[in-house]
Amino acid sequence: MSKLSQLLFLGYALASNAATGGVTSAEDNRIYQRVDALLARMSLEDKIGQLVQQAGTDASTGVLQDYSNQIEDVKAGRVGSILNIAGADKIRALQQLAVENSPHHIPLLFGYDVLRGYRTTFPVPLGEAASWDLAAIEGSARIAAVEASNEGIGWTFAPMVDIARDARWGRVMEGAGEDPYLGSLIAVARVNGFQGRNFTQSGAIAACAKHFAADGAAVAGRDYNTVDMSETELREIYLRPFKAAAEAGCLTFMNAFNEISGVPSTANGLLNRTILKGEWNWPGFIVSDWGSVGQLIAHGFAKDGEQAAELSVNAGCDMDMCSNAYRDHLGKLVKQGRVDPSLIEDACRRILYVKFKLGLFDDPYKFCKNDPAISLSAEHRAHARDMARKSFVLLQNEGQILPLSKKTPTIAVIGPLADNRFDPMVSWSALGDQKHTITLLQGLRNALGDTARIVYEKGCDITEGDRSGFSRALEAAREADVVIAAMGEPGDYTGENRNRTELRLPGLQEQLIDELAGTGKPVVVMLYCGRPLVLSSWQKKASAILCVWQPGTEGGNAIADVVFGDMNPSGKLPVSFPYATGQVPVYYNHKSTGKPYQLGVPWTTRYLDCPNDPLYPFGYGLSYSSFAYAGLALSSRTLDASSSLTVSVEVSNKGLRDGEEVVQLYVRDLVGSLTRPVKELKGFKKIMLKAGETAKVSFTLSSTDLAYWTRSLEYKAEPGEFKVFVGGSSAATLEQSFVLN
Ligand code: GLC
């Protein structure tokens, strides 16, 4: 565990997050006094200026508008924030123009997509989620914030907290997977990391919970596509991580591009005003996604830019990212009485609150220190390596082929991702430079020195159909004692709008694995991916499969640590790996249906050509140790609103190595006013067990853990029988039951 993780782990053990969004602290009261004094001096045009976000060109994340007048706009106070500008000097210069020239000297807020590090690149967020290590995940966000805030960035468009059950969707890699409970805890960890636990730590920047809401439920897994769901499903599954982020004090939210049941999120008053700003009493501001205000026209929800601006600001979207609709139409809409000036005032107040909270009025250049010693420091790289190791999921390990001995005489390293700095760094890596990336091949060489002979052959490309490299690859395999095959997706197969209809390995990789296995040598596959892939066609031909996601700057060293046993893998899947693409969406917390599948029983739900279950379920992951569960016990068979019960289980490490296990607690509500999932994750503990050691692990359950959005749209627990399952994945079978009175 890196030093930073250790410190944060201690913080986790000792402190609970200061919930905000309700009680206004003395500090906030002082901030609001300053905000209101400033507002009182501002004209309507000045206030509208704060609601406008423009873009720079150091990243391309949307359709660029004409910003040739940007300097004049900044000096005139016609823009409140700029995104996609990289470099402290450029940002300082623009900030100086705003502070010294604009009517009220209001600092600009500079935003960037810092999802997996700023210059030190961590595993993709989905990979980090596979660690189930909240302190380590917070540590990555902390480092990202420290590096970004050193170079002018005061606001990151992260964490992405969208629940994703459909692996065809390109953005699965940006979030924390399919489960609301795990996703909520990870959302809090990331908000705490970016915001320095409510700005109590240095290098804190504003976080942004996105995309609000439910874009992971796009029909057919196609980004931006229609979302249609009941309000109970929206609240029960998709809004939970957002609520957790809001309660953790996340200062900003970003609307999603998609509609929800006919109403685009950007103009969705239920989401933005009723729930977020109303029920949750959240004090921050909502930014649209890139151009999503103007896109109301394409949605067929607004007839023109004027109506798009009217509908969005009335529904609670505070800042217009790069559609210019607010800039062009809000003044007129207020004069026409179509937008109440109090809404402009409220939006501007929220934005100014965040700028004051960040300290920008006290020191507009606080984020421009540009200390060259900050980024890619040894400590930051050590955390990146530790985080990557913890993210890996051992999916298969036939005959305990892994870990390999460093004295293995000859190792063949084959595949298009073995010596590849580029693809593992493509998705949302901000200013992460591939020149710093440790490849798999380099990592193995670093670990082995000259103790073993490595023979490397690329074999094939990631997506192309050229077999010309096969013969040399197969020859290398024949010479070797073991083959390490680095296979997977190209980096640009995951991320925004990178959706797939087929989740198998692209190109000739499956054929290459097949022929490598045909040499009779054991094949160990390192799987590079940003989403669940379909492995079933070759899985049985591989001796071992280690899912390494897109592991970031230190990926190669981290893989070597695990391959040679310096680190015992402990990752667990935060998302189901389907048996076939046709199964998708497939997820563990599904409903029973009236005809749940039973082997051999006709007329129970099934496919003709595929099992119902995924190849690897949520929560699954192997270790070099093996863990046994026994003695599941409840402290009581009954529970009521005022009591709690303890669930305990004995976990034993039956292996020869010390190892970590994520002990998972699931609950099933057998009968509800709405049908209920067959399992729901309600707790987990990641524990270290020495070889041969047995430990008792306990969880506490109370009725609040059993609450859900009922048929009457109330959030409460309903009396009745519940089952409890505990194990090392969502396939846990050890069960007990109790009754909630
Ligand atoms: C993009 C993405 C969003 C990102 C924003 C700014 O369209 O949807 O996640 O934060 O634009 O780059």
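Tutor: Let's start with a definition: buried means under 20% relative accessible area, exposed means over 50%, and partly exposed covers what lies in between. By that scale Ser-261, with a relative accessible area of 37%, is partly exposed. Keep in mind that this is a predicted model. Phi of Ser-261 is near 50°, a positive value in a residue other than glycine, and Ser-261 sits in the loop between strand S7 (259–260) and strand S8 (263–264).

Trp-132 is another non-glycine residue with a positive phi, about 50°. Its loop runs between helix H6 (125–129) and helix H7 (134–149). With a relative accessible area of 2%, Trp-132 is buried.

Now for the cis peptide bonds. One leads from Ala-158 to Pro-159, with omega near 15°; Pro-159 belongs to the loop between strand S4 (155–156) and helix H8 (180–194). Another leads from Leu-402 to Pro-403, with omega near 0°, and Pro-403 is in the loop between strand S11 (393–397) and strand S12 (410–414).

As for the cysteines, a disulfide needs two cysteine sulfur atoms within 2.5 Å, and by this rule the count is 0 disulfides. For Cys-547, the closest cysteine sulfur is in Cys-529, at 3.7 Å, so the pair is too far apart for a bond. Cys-547 is buried, at 0% relative accessible area. For Cys-460, the closest cysteine sulfur is also in Cys-529, 16 Å away and therefore too far for a bond. Cys-460 counts as buried because its relative accessibility is 4%.

Terms used. Residues numbered from 1 in each chain as written. Predicted model: local features only at pLDDT ≥ 70, side-chain atom pairs only at ≥ 80, totals over all residues. Heavy atoms only, no water. Buried < 20%, exposed > 50% of the residue type's maximum accessible area, 1.4 Å probe, protein only. Helix = DSSP H or I, 4+ residues; strand = E, 2+ residues; numbered from the N terminus.
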